[in-house]
Amino acid sequence: MDVAYEGHDKRSADPAAVEMLRIADREGYATIWERYEKQQPQCSYGQLGTCCRICSMGPCRIDPFGDGPTHGVCGATADTIVARNLARMAAVGSSSHSDHGRKVALLLKAVADGSNTDYQISDEKKLLAVATRLHIPITGRSLPGVAADVAAVALDCFGNQGEEPLVFMEKYMPAKRFQRLKGLEETLYKTTGAKTGLLPRAIDREAVDILHRTHFGCDHDPLSLVAQSIRCSLSDGWGGSLIATELQDILLGSPTIRPVKANLGVLEAESVNVVVHGHEPILSAKVGEMAQSEECRRAAEAIGAKRVNVVGLCCTGNEVLLRQGVGMAGNESHSELAIMTGAVDAMVVDVQCIYPALADLSSCFHTKFITTSEQAKIPGALHIQFEEQHADAIATRIIKTAIAAFPNRNKARVHIPQHSSTAIVGFTVEEILKALGGTPQPLVDLIVNGTIKGVAGIVGCNNVKVQQDFFHRVLTTELIKRDILVIGTGCWAIAAAKSGLMDLPAQDLAGSGLKAVCKQLGIPPVLHMGSCVDCSRMLNLAGAIADHLAVDISDLPLVGSAPEWTTEKAVAIGSYFVGSGIPVHLWPLPPILGGPEVTRILTQDARDLLGGWFFVEEDPVATADQMEKIIMERRGALGI
Ligand code: SF4
Ligand code: MSK
């Protein structure tokens, strides 16, 4: 295990990355780290969130230290500007997850009505469970009929024009949390005389609401803007992301607990290597599936390759990893490094978290860099348009493109770092409950008797401002040492998998209580729950425990962290955790510190109003201290 590896390179704590960075330095390949250095010093107004360019009287910037202008040309204050910028980040993040969910719902509809035959209902049990949760009748009905109703409810969640709360949220959110948000809306109305919504209506509406209210000359009230950011983010967590997760399980199969390999060592020198990167598994699952077809196997063998080896990167990688057990090449900051191995014949991308620099870098190698989405075109890439109704044929074409590139590989330039760790993955709520005997009670008992102090959910990305994976590794190790079970998703999950923290020997790094539980159940102390949209699985787990105990999520000893966060999606995730009653640690600093009122609302007022709040901390051990403190305070409040 490389958990304690701090590297000899301030850029990454992953030995495979350090090995590849030496090659990058030697060969002069540009990387995120090099371009980051060239960006120094970065704009401090941007870092504090106090620059505004939403109208053409600007750009305006406010010096929070009082040496410059205190208002924008229109009179906007620093707090207004910070809150508007934050709201727009939440809207973009929510929209990205939710638009992904919409495509899955449309696909389920097409499968149900028979207009798409390339996909099937793969998990009937999950379909019936989701339908039951949504109060859709199932008895005596055909599966396509039930699926059509589930798809209709999901699609209505995007475009319903009513004022009622989002149906998926209403049916999945624990009753006490729903009531608390409703009560808070009523209290704010009574005390201010103005409407402040917190329970989301339709998903599309909440994002559009932010685009509208942050237009020139609309909402300038920091509390109102922050409230709408939380509301929009809740429409992601309990709406768009949840729909993506639940419907993907129905169509592609629910993940099951299984061992996989993670890190660049999953690339194979003798095989055609196809890296799938992005977020939407509707395509990547097909690439994985078609790679096994007789046609592709024969084509690979015909050019002298051992096989077609599909491996993952980022979240679409997480999705195929969990469902098909493919290897995981790495997280966000590994994307350039994977190409530099010289062993990638095609990198196939869909949407989100894809560096445009990958096109240029690929052109230095034989690698085909293939974009597939109308929403993510990159100059210099080969575009093969993905269409769900022709998925089998398009996935086959992509694989054949990779096979055709294989003979052009310059073997003298191939360098695959021999690092890969075993990780046990696939801990969905269903799998966790199954391991516990079908109910959350054993987990509750372990928490009540103190064997496990609480649960930490860690999410998010790599960020070039933090040594790659270092915060993820140290924080996770510190938490399990303190008998705190760690669950999580996204690029954090890949960092944990690469470092061996998701393998059984990591049990010995845990405190005595957590270690004994993990040994008894045969699980690691760090659980992979999926991709970024699968943060909804964490909400569901928290909701299942809260409902089981008839308490609010904010009463439970739960805490979250996004220690190397990068994207606007991470802002949405953090905000819906906070809106769901979970305190969330962030590093690097979010661009809000230039707005003292916004900072106070998010770090202090939210604690009383929502039961969840944000805090920032740069040091991973100090972060673990704070997370443990929150867990112990919550335990104290519960009297345990
Ligand atoms: Fe400046 Fe106001 Fe225009 Fe923003 S909206 S750019 S603060 S004038
Ligand atoms: S991929 S959002 S860099 S976790 Fe989901 Fe990783 Fe963050 Fe993208």
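In strand 13, Leu527 is the bridge partner of Ile487. That pair belongs to a predicted model, in which local features need pLDDT of at least 70, side-chain atom pairs count only at pLDDT 80 or more, and totals for chains, interfaces and linings use all residues. Residues are numbered from 1 along each chain as its sequence is written, chains are lettered from A and ligands numbered from 1 in the order in which they are written, and side-chain values use heavy atoms, with hydrogens and water left out.

Strand 12 (residues 484-489) and strand 13 run parallel and are joined by 4 bridges. Strands here are DSSP runs of E, at least two residues, and helices are runs of H or I, at least four, numbered from the N terminus; two strands pair if DSSP finds at least two bridges between them. The open sheet has 6 strands in the order 13-12-11-14-15-16, with parallel pairing. Its edges are strand 13 (526-530) and strand 16 (614-616), each pairing on one side only.

Which helix packs on the sheet? Helix 25 (residues 620-638) does, touching strand 11, strand 12, strand 14, strand 15 and strand 16. Contact means heavy atoms within 4.5 Å.

I turn now to the lining of the second largest pocket. Its residues divide into 8 nonpolar, 7 polar and 10 charged. In this scheme Ala, Val, Leu, Ile, Met, Phe, Trp, Tyr, Cys and Pro count as nonpolar, Asp, Glu, Lys and Arg as charged, and the others, Gly among them, as polar. Helix 22 gives the largest share of this lining, 6 residues.

Conventions
Axes fitted to C-alpha atoms, helices over the stretch in contact; angles between N-to-C directions.
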